[in-house]
Structures are given as C-alpha cells and as structure tokens.
Amino acid sequence: MLTLSYEFKLKPTCRQAQTIESWLEICRQVWNYGLRERKDWVKSRKSPVNACSLVGEYIIPADTPRPTYASQCKALTQAKKDHPQLKIPQSQVLQQTLKRLETAWVDMYRRGFGFPRFKKKGQFRSFVFPKVKENVIEGNQIDLPKIGKLRFFKSRSLPDGFVVKQVRVLKRASGYYVILSLQADVEVPQPPISGHAIGLDVGLESYLATSDGELIDNPRLFVKASGKLQSLQQKLKRKKKGSRRWHLIQHRIAKLYEHVTKSRKDFFFKLAHHLCNQADSIFAEALNLKALGRSRLAKFCLDAAWGEFLSILSWVCLKRDKYFAKEVDAKQTSQICPHCGVHTGKKPLSQRTHSCSHCGYQTHRDVAAAQVVLNRGVASTSGQGGKMLVEGNVAGDGLA
C-alpha cells in the first residue's frame with residue numbers, strides 16, 4: 001500500500017473561514033477536557049494513602065477505570081446532549097481529536113515524549129476527516145461534510161490510480177490549507193544498489209559533505225532570522241496583551257517562523273534532487289538525533305533538521321529509483337582513514353583536515369568521514385569486494 005500526501009492552499013469564503021475557526025475552537029475544548037480527565041485520574045493515583053495535596057486535588061473513586069479513547073468517545077455522545085455546541089462539527093472530527101490525544105498519551109510512555117499540553121485559544125490548528133466520499137474532489141473544489149465546497153489552488157493534478165482516504169484541514173499564519181492522504185494498492189520495491197555510489201556526512205560548519213569531495217554550505221536559516229525574531233519579540237513585550245497591535249505582531253512572528261520552515265523544506269528538496277543527479281546509490285550514517293537535540297549545540301542541530309532532510313532524501317530516492325540506506329554505523333567515522341582503514345585517533349573540532357600518518361592520504365575531515373560511511377555502506381551490502389573497489393576510487397580522488 002503506497003500512501004502520498006498532497007497539500008493545497010484553500011480559498012474559503014468569510015463564512016467558511018468562520019466555520020473552520022469555530023470547529024478548531026470546539027476541538028480545542030474537547031482536547032483540553034479529555035487531557036484534564038486523564039491528568040486528574042493519574043494524580044488521584046499518586047496521592048499517599050494517609051495524606052492529600054496541600055494545593056488540592058480531585059477525589060476519584062478507586063474503582064474508576066482509566067480514561068481511554070473508547071471510554072471518552074462513549075462519554076462524548078452523552079456530552080452532546082448537555083452541550084449542544086458539540087453537535088456543530090462532524091462527529092468523526094471530534095473522535096479524531098480524542099484519538100490524537102490517545103496517541104500523544106501513549107507516546108509519552110512508550111517513546112519518552114513530553115506530557116501532552118493544554119491548548120490555549122488559537123493553538124489548536126487542525127482537524128481531520130478520517131473518511132470522505134469518493135468524489136470529494138471536483139475540479140478545484142473539495143466537498144467537506146457540514147462545511148460545503150471549498151475552493152483551493154490546484155497547483156498540481158492528483159496522480160491516477162490513487163484514492164483520497166483522509167482529509168486534514170490545517171490553519172497556518174499564511175492561511176488555511178488542506179492535506180489529502182492518497183492511497184493506492186501497489187507495492188514499490190526498494191531499488192537495488194547499482195551504479196555510482198556516494199556517502200554522506202552531515203555537520204554544522206558544512207551542512208553536507210559527500211565522498212566525492214563536495215561540500216554543501218549550511219544555510220543556517222533560523223540563526224539568520226533570529227535577529228528579526230528577537231526584534232519582533234521585544235516589540236511584542238511592550239504591547240498590551242490581547243490588543244490589536246499585540247495580535248498583529250504575533251501574526252508577524254508566526255509568518256516569520258513559517259517562512260523559515262518553508263525555506264528549509266525547499267532547501268532540502270533541492271539538495272535531495274542534486275544528490276540524486278550525482279549518484280545511483282546513496283549511503284548516510286545513522287545519527288542519534290534525539291541526543292543531538294539535547295546537546296550544547298541543540299539550537300544549531302535543530303536548525304539543521306537532519307532527520308527531516310534524511311526523510312525527504314529517502315522519499316526523493318524512492319521516487320527517482322535510487323538506492324538509499326541511512327543505517328550505516330556512525331561511530332568513529334572521523335577517526336578512521338578511508339584509504340587504509342587505520343585508526344588515526346580523535347581529532348579536535350578545530351582540525352578540519354584529515355592527514356593519515358600511515359599512508360599519507362589527505363583530504364577534508366568531513367569528506368574523509370563521508371568516504372568512511374561509503375566504505376561501510378557498500379561493505380554491508382556487497383561484501384569486501386565492493387569495499388576494496390570503493391577504497392580504490394577514494395585513493396584516486398585524494399590529495400596525497
């Protein structure tokens with residue numbers, strides 16, 4: 001089963017925009033109520049037997065079951081009788097809001113994510129239609145339940161053979177968007193390793209180094225925008241909270257963040273296609289992105305967004321029938337000579353040149369690491385013969 005996501009910008013009327021805003025607000029209230037119910041249940045189980053909190057807590061009977069997605073959906077039916085505004089959105093939209101809460105709650109325990117947060121007014125930005133009719137798209141219009149037909153900018157045509165399975169309406173600083181989840185009953189096999197292969201080494205000074213010796217500059221998009229962002233935040237601090245000017249500056253800050261996100265994504269797609277133009281097989285190292293995001297260089301690592309880039313590169317390689325592997329061992333790639341395989345020792349970050357005292361091979365530090373990644377990747381897929389072939393190519397490209 002192949003799943004694609006297509007995103008288009010909506011052109012709603014004023015009435016349709018008001019409907020979307022009201023649905024988002026109701027979904028936010030359902031999210032907060034469901035989260036409050038789960039949090040109170042957990043807190044009631046943490047209280048000591050012979051003492052209570054000095055601040056205050058809800059007293060919940062000991063036999064009360066833990067709130068789940070099924071129980072909260074069942075309670076939602078009764079809540080609609082007491083709160084008529086819950087009948088305004090489509091029923092499945094509210095159920096999907098509770099399902100998102102369930103996913104966030106489970107990920108907190110299984111994947112080590114943070115505690116789900118309560119949403120302030122305006123912070124809930126999307127809702128989902130899990131099922132739509134077959135002819136939901138008609139030209140440049142999409143027919144959504146209880147909202148009607150909304151026009152959108154049809155920047156590209158939908159692929160043949162795919163069916164719209166799910167629709168998400170998303171609010172951003174630049175407007176409203178619709179994200180279509182398309183599915184086709186086909187299996188796309190992984191392309192075999194073939195042709196010219198390259199290894200990749202990501203970094204902060206140079207965003208990317210290839211085993212062919214190419215260095216890609218780091219755009220540092222968020223760092224470059226931090227000055228303007230700091231200026232806007234200082235202006236926001238001097239405004240009265242909730243005033244017209246306060247909301248205007250908030251909107252400018254949101255648009256700046258969105259501009260950085262879109263610019264980064266555009267850079268990733270162009271770089272991915274550039275790499276696919278150069279090679280038929282690409283190998284990347286398996287990084288501990290979670291640990292890098294908590295290091296002293298967390299701000300710059302998060303700005304680099306290597307995880308998003310590798311995900312986009314994986315998709316572009318699949319689309320262009322290129323082999324891609326990102327599970328290459330990343331340990332000590334900068335401490336091994338790619339030409340002779342000798343361990344050269346740990347290098348300080350200020351040392352940007354790899355120089356092997358055993359064979360005399362010299363090249364840029366990041367390029368040498370990318371060549372080690374290439375050697376390891378090819379060796380893990382085609383054996384030692386492929387490794388020696390790559391090492392021979394590396395030796396011919398060296399500066400020694």
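Biologist: Through how many residues does the hairpin join strand 6 to strand 7?

Modeller: Strands of a sheet pair through backbone hydrogen bonds, either parallel or antiparallel. Helices (H or I, at least four residues) and strands (E, at least two) are DSSP runs, numbered from the N terminus, and two strands pair if DSSP finds at least two bridges between them. Here the hairpin between strand 6 and strand 7 passes through two residues. Strand 6 and strand 7 (residues 175–184) are antiparallel and share nine bridges. Within this pair, Val169 has Val178 in strand 7 as its bridge partner.

Biologist: Before we go on, what kind of model is this, and how are its residues numbered?

Modeller: It is a predicted model, in which local features need pLDDT of at least 70 and side-chain atom pairs count only at pLDDT 80 or more, while totals for chains, interfaces and linings use all residues. Residues are numbered from 1 along each chain as its sequence is written, and side-chain values use heavy atoms, with hydrogens and water left out.

Biologist: Which strand joins strand 6 by four bridges?

Modeller: That is strand 2 (residues 126–129), which runs antiparallel to strand 6 (residues 163–172). Phe129 lies opposite Val167 of strand 6.

Biologist: What is the order of the strands in the open sheet?

Modeller: The open sheet has seven strands in the order 2-6-7-1-5-4-3, and the pairing is antiparallel. Strand 2 and strand 3 (137–138) each have a single partner strand, so they stand at the edges, and one side of each lacks a neighbour in the sheet. Strand 3 is joined to strand 4 (residues 141–144) by two bridges, in the antiparallel sense. In that pair, Glu138 faces Gln141 of strand 4.

Biologist: How should I read the side chains along a strand?

Modeller: In a regular strand the side chains alternate between the two faces of the sheet.

Biologist: Which residues of helix 8 are buried?

Modeller: A residue is buried under 20% relative accessible area, exposed over 50%, and partly exposed in between (1.4 Å probe, protein chains only). In helix 8 the buried residues are Trp306, Phe309, Leu310, Ile312, Leu313, Val316 and Cys317. They cover an arc of only 165 degrees around the axis (the arc of the directions from the helix axis to the C-beta atoms), and therefore lie on the same side of helix 8. After the helix comes Asp321, with a positive phi near 60 degrees.

Biologist: What does Leu310 touch, leaving aside its neighbours within four places in sequence?

Modeller: Contact means heavy atoms within 4.5 Å. Leu310 is in contact with Ala284, Glu285, Phe324 and Lys326. Leu310 has a relative accessible area of 9%, so it counts as buried. Between Leu310 and Phe324 there are 9.7 Å in space, C-alpha to C-alpha, although they are 14 residues apart in sequence.

Biologist: Is Asp201 buried or exposed?

Modeller: Asp201 counts as buried because its relative accessibility is 7%. This residue belongs to strand 8 (residues 197–202). Not counting residues up to four places away in sequence, the residues that Asp201 touches include Tyr207, Glu285, Thr333 and Asp366.

Biologist: And where is Gln96 found?

Modeller: Gln96 is in helix 3 (residues 91–110) and is buried, at 15% relative accessibility. Leaving aside neighbours within four places in sequence, Gln96 is in contact with Val128 and Pro130.

Biologist: How many disulfides does the count give?

Modeller: A disulfide is a pair of cysteine sulfur atoms within 2.5 Å, and by this rule the count is zero. The sulfur of Cys276 has its closest cysteine sulfur in Cys317, but at 3.7 Å this is too far for a bond. Cys276 is buried at a relative accessible area of 1%, whereas Cys14 is exposed at 64% relative accessibility.

Biologist: Finally, how many helices and strands are in the chain?

Modeller: The chain has 10 helices and 14 strands. Of its 400 residues, 38% count as buried.
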